[in-house]
Amino acid sequence: MQNKNFLIPLFFVLALLIITAIFYIKCDYIFSQLVVPDIVEWKKPSQKTSSLYGNRVVRQYFVPNFNGLFRIGFRTEYNEASGAKIELSLREGDTDRELSREGIPLKKFPKNKMYRFSFPPQWDSAGKNYCLNISAPQAEAETNLKLLFDPGPFFHKMKGGKLYFGDKELPGDLSMVSECRVRVKRSEFFSAWHSFLSDKGFAVFYIGIMIIGLTVLIFL
Amino acid sequence: MLKDTKTKIFFSWIVIGLLCRLIFMPFTLHPDMLHISYHPSFLALKGVWNIYNYHADFFKERYCHYYPPLTYLFFGSYLYLIRPFLPEMDNFMDGFRKVADNGGGHSGHYLKGLPGDRLFRFLFLMKLPYLFFDLGLLCLLVKFIPRLYSAQEYFGRQKGVGWWALNPLLIYICYICGQFDIIPAFFITLAAYLAFKQKNILAMIFLGVGAVFKAFPLFLIFPFSFYLGKDIKRIIKYIIIGFLPVLIIVGPYYFLSSGKVMGAFFSERISGRLGFTSTGGIIRSSIFILGYLVLCLSLLKESVRDKLGKLWPVKVSFFTLALLFITLPISFHYFLWITPFILILGYNSRFRIMNLYLLVIFSLALFTLAGKGMWFGVFSPIYPEFFIGLPGLDEIINQFLPYVIVKNTASLIFIGTLAWISVLVLKEKGDAK
């Protein structure tokens, strides 16, 4: 093993070990930045649009599958860019308590793309009812924001999904995606290890051949 | 303990290569691997010999979109042999079918359908056959390379084996994704070796055998026949010999399945993939056909044959496959077909090919492996929620600049670099006749 031919692979092995060590020590921090889409957007051909201006308000209720809800994306279109602002707020569905609010100029919305509304992570969001409020009080009828929604019933609805346009309930959900940050505990990674060890025959065989391989490598 | 340093280095590389492969085998998954093993499980579990008919009756499809019959028979027999080691095989296959019926998706979706018990064993066993063909390929290269180069150009078998041991393309395709392209790649390399040893009939037969695993070696039958044949009678003879394994193995299936087996060679899906359905695709295909004709006919010329020299089977295979990849759409795993030939051509440092090879792989990965299921997602058997949650290459790149720009640039770099390697190979004098 003293030959310089092995310096490069040795470097890779060492790098892998260092990464694994960092991963082990810091994993709670590193992996709390993950994004897990809760539900993907609907297929476009089935979508309808609804314009938002004046005192029109859209409320989308939904229940995330995961903890750590931190962002909601929804698909938008608009006719013309103007200085009008869109008001977004996230509320608790059951108590109507406001959790986060944002005002964004209409021209910052992408055309026929997802706009992502970020807010502080809700670490216990799984199974809770949330409401996304969208309104455009300053917008005029001809410079409105269009929201795309799926009229159903052919596709799944968002879990716990209810869509209101003013007081009227629409048959479907916004074309949207909710995203969660995952906090991964070291112990959760060990479940794979336990699953590996539960198949004792294979675990012994696999670890055995790896040890034999390494031994041969050292003694060659 | 080995005393000779060169031998020590050679065997150390082999052990490193094996360990690198073994590390990934049980812990990675790509849905293609499940597709490859699902259909043959009908042979192993239910004794279905003719999957093409069965597929049409069972799934009500006109063609069976599975690979040619030898792939079916090979994997079916292999699954039958490993049944005692994996009694839950039918649960795995049922799980795959249920997820596939619900629209499939990435490996995270499939893992929800697969039983958790013995998952790692299942993944390991599904990839195990590739290890034998991989080692077989290494043995072929070790036997082949010293015969191709003169004493001054041959630096020992330890040189170049590192490229095999740590080859990212080989490891990713076979042991991470579980694609079986190593099998036809082994057969075409064997055919090239036999052609070099002037065992022409065997060489053509093995090209045909490769084609009954995956159809692409059919493209090599004509250039090989033109080189070996020299006159029209012998060219036809070699073409017939090349197609003989295809006729022998596919023929009975053709009659038994009323032609449904042809879905493995020609189907709407394949023609769509090759681009025959669009104008751009037709133009590209026309360029390929024209280039292919020029290649075949030029092989009849004595001056061209002189230029190719001893390395002719390697160079002819390389040019044919390079032409295919430059003109037609390519998937990452297809590039494994050409890799043994690049390893042979790159052995001699004069070619300076291996650095370009790395650039080719890198650019190819950039434009063919965008989705999250192709990157961290392959490690989802370890922790599905976490690894599928990690962003794909396209998502990461999109944070800085539009992925489509990177994709198109990488695609141009791929074509340019492969063309550059072709020019380097063409310029090389092919010494030592």
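**Notebook: a helix pair and a cavity in chain B**

I looked up helix α20 (residues 353–368) of chain B and helix α23 (residues 403–427) of chain B: their axes come within 8 Å and cross at roughly 155°. Axes here are lines fitted to C-alpha atoms over the stretch in contact, with angles from 0 to 180 degrees between N-to-C directions. Helices are DSSP runs (H or I, at least four residues), numbered from the N terminus.

This is a predicted model, in which local features need pLDDT of at least 70 and side-chain atom pairs pLDDT 80 or more, while totals for chains, interfaces and linings use all residues. Residues are numbered from 1 along each chain, chains are lettered from A and ligands numbered from 1 in the order written, and side-chain values use heavy atoms, without hydrogens and water.

I noted that α20(B) and α23(B) are therefore roughly antiparallel (angles over 145 degrees). Their contact has 18 nonpolar, three polar and one charged residues. Ala, Val, Leu, Ile, Met, Phe, Trp, Tyr, Cys and Pro count as nonpolar, Asp, Glu, Lys and Arg as charged, and the others, Gly among them, as polar.

Next I looked for cavities (sets of points on a 1 Å grid over the protein atoms alone where a 1.4 Å probe fits but cannot get out; lining residues have an atom within 4 Å of a point). I found one of 30 Å³ or more. The largest cavity holds about 170 Å³ of space, a volume being the space filled by probe spheres set on the points. I listed 17 lining residues, with I145(B), K159(B), G160(B), V161(B) and Y347(B) nearest the centre. The largest share of the lining, five residues, comes from α8(B). By class, the lining has twelve nonpolar, three polar and two charged residues.

Key: 1 Å grid on protein atoms, 1.4 Å probe; cavity = no way out; pocket = protein on both sides within 12 Å on 5 of 7 lines; lining within 4 Å. Helix = DSSP H or I, 4+ residues; strand = E, 2+ residues; numbered from the N terminus. Parallel < 35°, antiparallel > 145°, perpendicular 65-115°, else oblique.
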